[in-house]
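My entries follow in the order in which I made them.

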Amino acid sequence: MSENYMDQESPVTLERIRDLESELRKHPVDSDSYNYIKYELRNSLLRFDKEKYSKYLLCLASDIIYTEDSDWPVFTLNVNSKEQELAHDGNFVFSNKLLYTQDPFVRFIQRCDAEYDVRYRQIVVGALITDGKKVIMLKTNDNNRIAKKITLIQGHVEFSPEIYFNSEINYLRLSIKREIEEELMFEDSSIKDKILKSIPEYPTFGLLKTKTFTDLEHIGLIYQIDVNEINEDFISKIKSGEPEKHDVFCFDLSEVDRLKDELDSWAIDVLTS
């Protein structure tokens, strides 16, 4: 192993984390080298941003997720109707018991461990704000781990005591509400209220993909938030809540093809579904 990956005293930068991630992908997940670099990454993430990577994220066991072209039973995301909450037909469904940490398949895992644990996928909630003609998303900058991409407003489902007082559906909805409040800053509180009140009860899209390493580590539950009109006055009163990481980006749905190289894979899937 290169001494570069053994130096515990070297400064932890975003570039170093990306280098470690690239090195990790070169090794089989059951190899000693993979586990060694994963341990280095865990420590590096904590040193890079302890508050962020110490949090606990909701994760689903990878070995109970199946795709239609596999030899395993089909296990898919179907999340946009109330009847599915109580369904027991082999699909990924929501029931209150799903979130309890005693469940071996669904649990909260510390983010520094969850990031590269192939046994689990992190559950991510996302928002697509649209009036049917325009959409509001984020455009990341070099300080973001997903650099220079147009993305959904999205984030992990973190542990909160609210889990003990809400059904799972309500907890997921509260999670996307928190993400919107963190990622966006509103100069007009009435616009904020309109958006938050328009969050549907159930996610609109479920994203379960296997094309990239990021896909293999996450499951997406996306809420389409419909508003009356996104005009210049509307968008001018919405700013980035984290300008060091991203900017608010609004565009016409007719521009999706032109922007495909800038859109991340989840944004493309949602916009073309």
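I took contact to mean heavy atoms within 4.5 Å. Helices (H or I, at least four residues) and strands (E, at least two) are DSSP runs, numbered from the N terminus.

I noted that this is a predicted model, in which local features need pLDDT of at least 70 and side-chain atom pairs count only at pLDDT 80 or more, while totals for chains, interfaces and linings use all residues. Residues are numbered from 1 along each chain as its sequence is written, and side-chain values use heavy atoms, with hydrogens and water left out.

**Entry 1: overview.** I found nine helices and eleven strands in the protein. Of its 273 residues, 45% are buried (under 20% relative accessible area; exposed is over 50%, partly exposed in between; 1.4 Å probe, protein chains only). Among contacts between residues at least 6 apart in sequence, 71% join residues at least 24 apart.

**Entry 2: helix 6.** Which residues of helix 6 are buried? Within residues 189-197, I found Ile 191, Ile 195 and Leu 196 to be buried. Seen down the helix 6 axis, these fall within an arc of 130°, so they line one face; the arc is that of the directions from the helix axis to the C-beta atoms. The face turned away from the buried side carries exposed Ser 189, Lys 194 and Lys 197. I then looked up the partners of the buried residues: they pack against helix 5 (168-183) and helix 8 (232-236), and against strand 3 (120-130), strand 7 (184-186), strand 9 (218-226) and strand 10 (238-240).

**Entry 3: helix 5 with helix 6.** The two axes come within 11 Å and cross at roughly 155°. Axes are lines fitted to C-alpha atoms, for helices over the stretch in contact, and angles run from 0 to 180 degrees between N-to-C directions. I recorded Arg 173, Lys 177, Ile 180 and Glu 181 of helix 5 in contact with Lys 192, Ile 195, Leu 196 and Lys 197 of helix 6.

**Entry 4: helix 1 with helix 2.** The axes of helix 1 (residues 14-24) and helix 2 (residues 32-48) come within 10 Å and cross at roughly 160°. Helix 1 is thus roughly antiparallel to helix 2. I listed the contact residues, among them Leu 14, Ile 17 and Leu 20 of helix 1 and Ile 37, Leu 41 and Phe 48 of helix 2.

Notes
Parallel < 35°, antiparallel > 145°, perpendicular 65-115°, else oblique.
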